[in-house]
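Load the model and keep the sequence beside it.

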Amino acid sequence: MKKIFGLNKSLKLVYLVLFLFFCCEKDSINKKEVIETSKTWDLKQIKASGTLRALMVYSGSTYYLYKGRPMGYEFELLERFSKYLGVTLEIKVVNNVNELFEKLNNGEGDIVAHGLTITSERKEEVTFTDHLYLTKQVLVQKKPDNWQRMNWRTLRNTIVNDPVDLLGDTISVRDMPSYKERVVNLSEELGGKIYLNILPNEMATDEVIEQVADGDIKYTIADQNIASIMATYYPDLDIKVPVSFSQRIAWATRHDTEDLLKATNSWLEQIKRKIDFNIIYNKYFKNKKYFRRNIRSNFYSLNKQQISPYDDLIKKYSKAINWDWRLVSSQIYQESKFDTRVSSWADASGLMQLMPRTAEELGVTNRSDPEQSIKGGTKYLKQIWKTFGQVTDSIQRLKFTMASYNCGLYHVKDAQKLAEVKGLNKYIWDDNVENIVLKLNTPEYYNHPVVKYGYVRGLEPYNYVRQIFERYQHYTQFIKH
């Protein structure tokens, strides 16, 4: 009996060990499932965070800065898409197209907003949205220097007119699968050899085309819509030879963000029916006059690291108050778009839109003079800044200062008092005092006993601060400190 009892006891012990093992294993599996679930970042999480993170490559059609204003085909569409989702837009610029998928799949962004050719190889890495437009790849080559004096037949004999003429020659392309694959496939289709010269992927397509125009490289290939608009600025270029059939251009999402993909495609279906969609496309890919004006400007960020004609003055007086000159530039853009002639309905004028009485107190005798305006405006910012010494967070203090510059210091002080009454933090602008300012246009708020200075058109300072800081983020993407 002892043996049997001992055996039973041993079996019980084994069962107990197995039970604990499976329970722990099940618990481990459940914990793993929870961890995996917590890593999910789809439309629900994007909306909860309030931010759509878009990965982009800096180029003359996708996203760039012109006269202090962020622009670009994808950028303008993204603005509309983020509004459709009800979230703010956060742009993350990557160095080259090859990094886009890596950063997307690492969770550093939610969507790739760049004109991507849909290919089978790329489908293994990402999921493509419905296409934005169709294009095809064309050969970009330079005409002879004296091409304008040639007749059509002579000119035709000096340049490539058919892809077969490329056999034995070299095409320079960026280190991108869609371009490299096209050259390799073209070689196979023609039954010969076309050599590849791989250029750094950090180069924008615009820059590669410019190298052809300058004679630094002989041939490249590019999407027809980009090549066409570049050829308007470089008339020496020939872009008439197609090297591919029509291709679909789209954005991309991660494989596991099905809800975001559905929302993107739903939005695309809606916006494609609107005239606005075609206007944006034509603006960047059809409007030759618009493109030539941009590319010739010193304030086109692909040319120079400049925001406005007044950068040196802004740097000088921003340094005097220890502010980032790009932030002051963003504020000046908000006030006047860098136009010294602008006047408001309230008689504010000049780059920093100083009121007559304020200008007089600051020693500004000519509000239209750029230096006087910037010197006086930054001096005024410094005066306001000093009154918010109890605001310990420097970014919040900047926002209080700018809001006061817009709507008046004492209206913001009223909003701080009322925020405290309403149980909000009077030293935090974001989601606290800004919400009170927003409501100071309603009797319930501007008639409150703690409010001394009355009605404010609260939407103006609310948007003023947000738009300045949003533009400032764009400036920091393009312009070195």
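A residue is called buried under 20% relative accessible area, exposed over 50%, and partly exposed in between (1.4 Å probe, protein chains only). Take D312: at 62% relative accessibility, D312 counts as exposed. D312 sits in helix α13, residues 311-320. Helices here are DSSP runs of H or I with at least four residues, strands are E runs of at least two, and both are numbered from the N terminus.

The model is predicted: local features need pLDDT of at least 70 and side-chain atom pairs count only at pLDDT 80 or more, while totals for chains, interfaces and linings use all residues. Residue numbers start from 1 along each chain as its sequence is written, and side-chain values use heavy atoms, with hydrogens and water left out.

How many residues of strand β5 are buried? Seven of its seven, over residues 111-117. In a regular strand, side chains alternate between the two faces of the sheet. Both faces of β5 are covered. I111, A113, G115 and T117 are buried on one side, and V112, H114 and L116 on the other.

Which strands flank this one? Two strands pair if DSSP finds at least two bridges between them. Strand β1 (residues 51-57) pairs with β5 in the parallel sense, over two bridges. Strand β13 (residues 247-253) pairs with β5 in the antiparallel sense, over three bridges. V112 takes part in both pairings: its bridge partner in β13 is A252, and V112 is also the partner of L55.

Turn to the charges. Side chains of opposite charge can pair when their charged atoms come close. A salt bridge is a side-chain nitrogen of Lys or Arg within 4 Å of a carboxyl oxygen of Asp or Glu. The structure holds 21 of them. In one, D169 meets K218, with the closest N and O atoms 2.9 Å apart. D169 lies in the loop between α6 (152-158) and β9 (170-174), and K218 in the loop between α8 and β11 (219-223), so this pair ties together parts that are 49 residues apart in sequence. K218 is partly exposed, at 48% relative accessibility.

Another salt bridge joins D145 and K142, at 3.9 Å from N to O. D145 is exposed at 69%, whereas K142 is partly exposed at 28%. A further bridge links D339 with R341, the closest N and O atoms being 3.0 Å apart. Here D339 is partly exposed at 23%, and R341 is exposed at 69%. Salt bridges can also share partners: E76, R80, D276 and K283 are joined that way into one network.

Finish with the patches. Their members have over 30% relative accessible area and no salt bridge; like charges are joined within 9 Å, and nonpolar side chains (Val, Leu, Ile, Met, Phe, Trp, Tyr) within 5 Å. E207, E210, D214 and D216 form a negative patch. Asp and Glu count as negative, Lys and Arg as positive, and His and the chain ends are not counted. Each charge is placed at NZ of Lys, CZ of Arg, CG of Asp or CD of Glu. E210 belongs to helix α8, residues 205-213, and is partly exposed at 34%.

V184, L196 and I198 form a nonpolar surface patch, with about 210 Å² of accessible area together. Such areas come from the Shrake-Rupley method with a 1.4 Å probe; for residues, only the protein chains shown count as cover. I198 lies in strand β10, residues 195-199, and is partly exposed at 38%.
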